[in-house]
Amino acid sequence: MQLGMIGLGRMGGNIVRRLLRGGHSCVVFDTNAASVDQLAQEGATGSQDMAHLVAQMPTPRAVWVMLPAGAITEATVTRLGELLAPGDTIIDGGNSNYQDDVRRAQAMATKGIRYIDVGTSGGVWGLDRGYCMMIGGDKPAFDHLEPIFKTLAPGMGTIEKTPGRENRQSTAEHGYLYTGPAGSGHFVKMVHNGIEYGLMQAYGEGLDILKGVNQESIPADRRYNLDLADITELWRRGSVVSSWLLDLSAISLAEDPELKSYSGYVEDSGEGRWTIQAAIEEAVPADVLTAALYTRFRSRKEHTFAEKVLSAMRKQFGGHQEPGKK
């Protein structure tokens with residue numbers, strides 16, 4: 001199939017590369033001409049601007065927007081709504097607020113343009129591992145574009161089947177899922193990221209406790225000089241707390257046992273905040289997720305080893321760089 005891609009950053013560019021590897025064709029555009037040229041050399045068709053991208057694609061077109069949430073995505077979707085024709089599809093694969101998806105889908109529907117929101121997880125590793133995708137919006141558009149999603153997804157891989165799912169017919173075990181109407185994909189991804197905050201915080205605090213047991217305030221006979229790189233590697237092997245986030249922590253600690261290259265300044269993408277807002281709206285207690293979000297706020301004023309662990313994990317899974325030491 002053919003896909004248009006607007007936004008060739010860390011994830012957008014690699015999504016195009018994975019699709020090209022899978023035999024699909026891609027027409028690409030980014031305001032950074034060098035990114036367009038690079039992907040053109042790898043087999044994509046480059047574009048000078050959005051109008052040029054649309055003109056190079058036969059109908060029905062599908063254009064994926066992979067840009068930061070907010071004004072730039074809003075402006076891009078609005079412009080595509082002016083350029084595309086009835087029957088075409090806009091895919092927002094960034095980290096947009098699900099409420100924006102509901103509004104945009106309704107606006108595009110008046111033009112006959114279909115709209116899909118894709119919560120995309122996989123970060124800089126997605127090119128090789130594949131992307132976990134939570135997909136909401138127009139169901140016929142999803143059905144038409146399913147070959148795209150199937151190529152981007154991790155597939156079943158070596159993960160064992162979950163007992164009790166033998167009679168369930170679902171794409172979930174392949175790493176992508178149609179979740180329902182417009183906004184549902186990004187709503188699921190929003191909560192996914194809220195959970196991610198809590199998991200990361202738990203690892204960070206636990207490793208900080210392990211590191212702190214060697215300080216002079218602890219009695220000498222209970223003072224241990226623990227190797228955190230080895231402990232995280234140990235926990236990866238059969239422990240109940242094993243996870244990909246732990247894998248990434250082990251990588252970071254193997255490379256930099258004291259995490260001296262990190263300040264502990266931890267940003268938040270916005271989805272953690274939106275998750276807490278949803279919890280308040282639903283009157284659902286979210287103690288851990290709220291505390292994890294507030295810790296990120298505090299990290300910008302003072303830093304602990306736990307926050308360095310969070311910062312290291314963000315760099316490993318998403319290529320996120322700290323804004324600078326504070």
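## Terms and basis

Helices (H or I, at least four residues) and strands (E, at least two) are DSSP runs, numbered from the N terminus. Glu271 belongs to helix 11, which covers residues 271–282.

The model is a predicted one, in which local features need pLDDT of at least 70 and side-chain atom pairs count only at pLDDT 80 or more, while totals for chains, interfaces and linings use all residues. Residues are numbered from 1 along each chain as its sequence is written, and side-chain values use heavy atoms, with hydrogens and water left out.

Buried means under 20% relative accessible area, exposed means over 50%, and partly exposed lies in between (1.4 Å probe, protein chains only).

Leaving out residues up to four places away in sequence, Glu271 touches Asn95, Lys189, Met190 and Asn193. Contact here means heavy atoms within 4.5 Å.

## The largest nonpolar core

A nonpolar core is a set of buried Ala, Val, Leu, Ile, Met, Phe, Trp, Tyr and Cys residues joined through side-chain atoms within 4.5 Å. The largest such core has 29 residues, and those touching the most other members are Met5, Val16, Val28, Trp64, Ile116, Met133 and Phe149. At least two residues of this core come from each of strand 1 (2–6), helix 1 (10–21), strand 2 (25–29), helix 2 (33–41), strand 4 (62–65), strand 6 (114–121), strand 7 (132–137) and helix 7 (139–152). Helix 7 gives the largest share, six residues. Another core lies apart from this one; it has 19 residues, among them Leu228, Ala229, Val266 and Val309.

Met5 is in strand 1, and at 0% relative accessibility Met5 counts as buried. When residues up to four places away in sequence are not counted, Met5 touches Gly12, Ile15, Val16, Val27, Val28, Phe29, Leu53, Trp64 and Met66. Met5 and Ala62 are 57 residues apart along the chain, and their C-alpha atoms are separated by 8.8 Å.

With neighbours within four places in sequence set aside, Phe149 is in contact with Trp64, Ile116, Val118, Met133, Ile135, Phe142 and Tyr176.

## Helix 1 against helix 7

The axes of helix 1 and helix 7 come within 9 Å and cross at roughly 105°. This angle makes helix 1 roughly perpendicular to helix 7. Axes are lines fitted to C-alpha atoms, for helices over the stretch in contact, and angles run from 0 to 180 degrees between N-to-C directions. Angles under 35 degrees count as roughly parallel, over 145 as roughly antiparallel, 65 to 115 as roughly perpendicular, and the rest as oblique.

On the helix 1 side, the residues that meet helix 7 are Ile15, Arg18 and Leu19, and their partners are Ile148, Thr151 and Leu152. By class, this contact has four nonpolar, one polar and one charged residues. Ala, Val, Leu, Ile, Met, Phe, Trp, Tyr, Cys and Pro count as nonpolar, Asp, Glu, Lys and Arg as charged, and the others, Gly among them, as polar.

## Arg104 in helix 5

Arg104 sits in helix 5 (residues 98–109). With a relative accessible area of 3%, Arg104 is buried. Not counting residues up to four places away in sequence, Arg104 touches Gly70, Thr73, Glu74, Val77, Asp92, Ser96 and Tyr115. The C-alpha atoms of Arg104 and Ile116, 12 residues apart along the chain, are separated by 9.8 Å.

The side chains of Arg104 and Ser96 make a polar contact at 3.4 Å. A polar contact is a pair of N or O atoms within 3.5 Å; within protein, one must be able to donate a hydrogen and the other to accept it, and residues adjacent in sequence count only if both atoms are side-chain atoms.

Thr59 and Pro60 are joined by a cis peptide bond, with omega about -5°. Pro60 lies in the loop between helix 3 (50–55) and strand 4.

Leu259, in the loop between helix 10 (244–255) and helix 11, has a phi near 50°, a positive value in a residue other than glycine. Leu259 is buried, with a relative accessible area of 1%. Ala283, in the loop between helix 11 and helix 12, has a phi near 60°, also a positive value in a residue other than glycine. Ala283 counts as exposed at 66% relative accessibility.

Thr290 is part of helix 12 (residues 287–299) and counts as buried at 18% relative accessibility. The Thr290 side chain reaches the backbone oxygen of Ala286 at 2.7 Å.
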